[in-house]
Amino acid sequence: MSNVRQISVFVDNKPNQLTGVMKLIKDSGINIRALSLADTKDFGILRIIVNDTDKTCEILRSAGYAVTVTEVVAITIPDSPGQLSRVLDILGGEGVNLEYLYAFLGKSDRAVSFVIRVDDNTNAAAALNKGGIIQLTENDISEM
Amino acid sequence: MEKYWNQEIETMSLEDMRKLQSERLVAQVKHVYENVKYYRDLMDEKGVKPEDIQSVDDLHKLPFISKADLREAYPDGLLAVPKSQCVRIHSTSGTTGKRVVAFYTQKDVDLWEDCCARAITAAGGTEDDVCQVAYGYGLFTGGAGLHGGSHKVGCLTLPMSSGNTDRQITFMRDLGTTILCCTPSYAAYIGETLHEMGLTPDDVQLKAGIFGAEPWTEEMRRSIEKSLGIKAYDIYGLTEISGPGVAFECSEQKGMHINEDNFIPEIINPETGEVLPEGEVGELVFTSITKEAFPLLRYRTRDLCVLSRKKCSCGRTLIKMTKPMGRSDDMMIIRGVNVFPSQIETVLIEQGYSPNYLIEVDRINNSDTLDISVEMNPDQFSDKVKDMQQQERALAEAIKTMLGISPKVHLVSPKSITRSEGKAVRVIDKRKLHD
């Protein structure tokens, strides 16, 4: 299994909420590798992948934030037309339900990386393997 | 074996109690009529003379007195003795308008503290106990009342007042506090802080808590009992009548015994003023029959509750009142439906949320809106937006089932709603700004 741990943080829909989280992370010397923010009328959910998941969770929790860790799939694909569509076809073909996805910077400028959140990681990983899609481990990401 | 502070009074037969009440009432009406012009005018206007009051059965003949009268007579229009005989004043918090000032003679203070001593004894307090009073001290009656009661019982008394929670916990541990007295919302906060400090109820020696001065629910009681490892007792009172200790809970934890040798209760229909029979919900009215300085006859409390003389397992025969179901001041009428904050609190605790919430009522396009901010439960936090929105919808649905009207629920961060050290402000009614 090469699942990657993603940290989600509950943030109020008020000014300076994200700043607070970012300052804590900055002060502790943690590096954010991937980030997305989902927002609703009332609140936001910040999702990040970092180079030290345990430490980040500890820092955020002790500052009073609601934090949850979920396993997600991370992939890297060539930066050319039609590649993401191929990935989605592979997942769809195996009946894997996609919750959300977001792109992040990889180490090559000819490749692009994605975090994919599905309900069934095992099924998704098997399908991606079969389709020849490169999956990233947490270690891969922290070394980027 | 149940312990009483004043066994004779607390277990008196109904017949003897009515006799005692009647004697005191007759004397009190005479005292008030002779010494308080405001009252004399009220009674004359209603055509009632002191001679018309021969026993408690005649109580209904007297006019009511309300908070509006107290404000009108501010500061000393209802004072029934010369100021030189008074030794103290207390005052209401003034959250609902102009303050009300109550005067006390030394005897008034003694009788009040005696009522608090009954409450502490009913909660298991003896001279061996250490009683930490974390109600506010000062004009507020909470601190002074329990402080005096604790002295009477002979407890080692810690006059902490409210606030400085870390110090509360330090003293609690260092001095071996066994009884905590404060508002229920502050008790909940002390419990939370204790756990945040990595402590458990085993690290303190608390056995009982006496909590009052604001509405709280049965669910909140259980949650405080668990977080502090205690039995939590309710206490009721109001500055206008004396302060905490007008009524107190016993080990049965089902309603509060009214110290009816000092305060005669009645339940009335709040709209018509008609006296309702035992067992019916209505507005609680008190007549203080022993107070010298500031005696109120038929004071309308605005608290809605039920009275009962059902036999109590503790052996006390004093009449019981239910926990107030709400104050008519707190009661909001939203889209024509009566809503009490306590109902919303009940749902929150049932659904696993913190009892810290904020209700905002507004009127938009001539329609009332009800918005409730609730601290999200970190254990239920999901990275998926749809899961979190589902939680908001489920909570709104549960509140709708309870109230009959649909609220909008907004999840906010844990601990982002201000904790209170005194009375909690839970409702903002913006409709009042438009009127």
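**A walk through chain B**

Of the 435 residues of chain B, 47% count as buried (20 or more other C-beta atoms within 10 Å of the residue's own, with C-beta atoms placed from the backbone; 12 or fewer is exposed, and in between is partly exposed). This is a predicted model, in which local features need pLDDT of at least 70, side-chain atom pairs count only at pLDDT 80 or more, and totals for chains, interfaces and linings use all residues. Residues are numbered from 1 along each chain as its sequence is written, while chains are lettered from A and ligands numbered from 1 in the order in which they are written.

Chain B holds 12 helices and 21 strands. These are DSSP runs numbered from the N terminus: H or I with at least four residues for helices, E with at least two for strands. Among contacts in chain B with a separation of 6 or more, 67% join residues 24 or more positions apart. Two residues are in contact if their C-beta atoms, placed from the backbone, lie within 7 Å.

Take a helix pair next. The axes of α8(B) (residues 184–196) and α9(B) (residues 218–228) come within 9 Å and cross at roughly 35°. Axes are lines fitted to C-alpha atoms, for helices over the stretch in contact, and angles run from 0 to 180 degrees between N-to-C directions. From α8(B), B:P184, B:A187, B:A188, B:G191 and B:H195 take part; from α9(B), B:M220, B:S223, B:I224, B:S227 and B:L228. The residues of this contact comprise six nonpolar, four polar and no charged. Ala, Val, Leu, Ile, Met, Phe, Trp, Tyr, Cys and Pro count as nonpolar, Asp, Glu, Lys and Arg as charged, and the others, Gly among them, as polar.

Now the sheet. Four strands of chain B form an open sheet in the order β20-β19-β18-β21, with mixed pairing. Strands pair if DSSP finds at least two bridges between them. The edge strands are β20 and β21 (427–429) of chain B. β18(B) (residues 357–364) and β19(B) (residues 367–375) pair antiparallel over eight bridges. B:L358 has B:S373 in β19(B) as its bridge partner.

Helices pack here too. α11(B) touches β19 and β20 of chain B, and its direction makes about 135° with that of β20(B). α10(B) (residues 341–350) lies across β18, β19 and β21 of chain B, at about 130° to β18(B).

Finally, chain A. The contact takes 16 residues from chain B and 15 residues from chain A. On the chain B side, α11 (385–403) and β20 (408–412) each supply at least two residues. That side has eight nonpolar, five polar and three charged residues.
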